[in-house]
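Q: Could you walk me through some of the helix packing here, and a couple of loop positions as well?
A: Gladly, starting with the structure itself.

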Amino acid sequence: MLLHDTALVYGRYLRQSLRSRFALLFGVLMPLLYLLFFGPLLTGLPLGGRGSSWQVLVPGLLLQLGLFGASFAGFMIILEKGQGVVERMRVTPVSRLALLLGRVLREATVFVFQAVLLVLAAVAMGLRAPLPGVLIGFAFVALLTVSLASLSYALAMKVATPQGFGPVINALTMPAMLLSGLMLPMTLGPRWLDVLSHFMPLRYLVDAMRDAYVGRYATAHMLYGALVAVGLTVLSVAVGTRVFRTAGA
């Protein structure tokens with residue numbers, strides 16, 4: 001029944017996304033602009049990695065796509081609460097976990113699709129990366145999206161208005177972006193900043209994806225990245241499910 005309920009919720013929201021094709025493409029616009037206007041500035045620069053500047057930049061842009069997109073996913077819940085959609089769904093026998101999973105899996109599908117578009121654009125600009133590494137990168141994007149979307153929905157269930165939701169998300173996503181080394185490796189900065197960045201879980205995903213993009217799979221970065229991604233996903237889904245069960249009860 002959980003799989004059946006999740007498929008129902010997933011299908012409902014995926015159809016909504018497919019009806020808004022412009023939004024699907026517009027979501028990848030910011031990372032694409034970084035790719036077009038920031039990427040060429042790094043060509044030939046020593047960035048402290050084993051690969052090219054594209055193999056350093058593109059993994060960060062993919063995770064940036066998931067970070068900002070999934071973190072703001074909760075805005076939809078706030079709108080649905082105002083329209084009574086959430087309460088009507090909560091009084092049905094559908095599993096509370098399915099109500100969350102259907103939504104976050106739709107988010108993961110959308111952002112992996114956008115990640116594919118971004119990688120294709122990067123290949124046209126000069127990215128060369130092994131196919132297994134690219135596929136591993138998509139898996140990291142999917143896990144990050146599921147975890148952050150779950151937390152975003154949980155927060156949105158607790159706040160009443162977008163005005164209370166947006167500032168909190170901005171206050172969390174900007175430090176995450178700056179301290180995780182999305183744009184450039186943190187090893188290029190001062191020692192204290194590099195040490196501080198290790199307290200940011202996203203840092204481990206960035207390092208793992210950059211190793212994958214140069215074909216290095218059996219590394220400590222890859223192990224830590226996989227453990228953090230899976231652990232964060234399990235914890236976030238558990239928190240989100242609990243909030244869906246108790247919020248407004």
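A: First a definition: a crossing is left-handed if the near helix is turned anticlockwise from the far one by less than a right angle, and right-handed if clockwise. Helices are DSSP runs (H or I, at least four residues), numbered from the N terminus. This is a predicted model, in which local features need pLDDT of at least 70 and side-chain atom pairs count only at pLDDT 80 or more, while totals for chains, interfaces and linings use all residues. Residues are numbered from 1 along each chain as its sequence is written, and side-chain values use heavy atoms, with hydrogens and water left out.

Q: OK, which way does H5 cross H8, left-handed or right-handed?
A: The crossing of H5 over H8 is right-handed. Helix H5, residues 53-71, packs on H8 at an angle of about 155 degrees, and the axes are 10 Å apart; axes are lines fitted to C-alpha atoms, for helices over the stretch in contact, and angles run from 0 to 180 degrees between N-to-C directions. H5 and H8 are therefore roughly antiparallel (angles over 145 degrees count as such).

Q: Which residues of H5 and H8 meet?
A: From H5 they include Trp54, Val58 and Leu61, and from H8 they include Phe111, Gln114 and Ala115, where contact means heavy atoms within 4.5 Å. By class, the contact has 12 nonpolar, two polar and no charged residues; Ala, Val, Leu, Ile, Met, Phe, Trp, Tyr, Cys and Pro count as nonpolar, Asp, Glu, Lys and Arg as charged, and the others, Gly among them, as polar.

Q: And what about H9 and H12, at what angle do they pack?
A: H9 and helix H12 (residues 201-213) pack at about 165 degrees, with axes 8 Å apart, and they are therefore roughly antiparallel. Their crossing is left-handed. Among the contact residues are Val134 and Phe140 of H9 and Met209 and Tyr213 of H12, and the contact divides into 10 nonpolar, two polar and no charged residues.

Q: Switching to loops, where is Ala129?
A: Ala129 sits in the loop between helix H8 (96-125) and helix H9 (131-158), and it touches Gln55, Val134 and Tyr213, leaving aside residues up to four places away in sequence. Ala129 and Gln55 are 74 residues apart in sequence, yet 7.0 Å apart in space, C-alpha to C-alpha.

Q: Is Ala73 buried or exposed?
A: Ala73 is buried, at 8% relative accessible area, whereas Ala129 is partly exposed at 27%; buried means under 20%, exposed over 50% and partly exposed in between, with a 1.4 Å probe and protein chains only. Ala73 lies in the loop between H5 and helix H6 (75-83).

Terms used: Helices (H or I, at least four residues) and strands (E, at least two) are DSSP runs, numbered from the N terminus. Angles under 35 degrees count as roughly parallel, over 145 as roughly antiparallel, 65 to 115 as roughly perpendicular and the rest as oblique.
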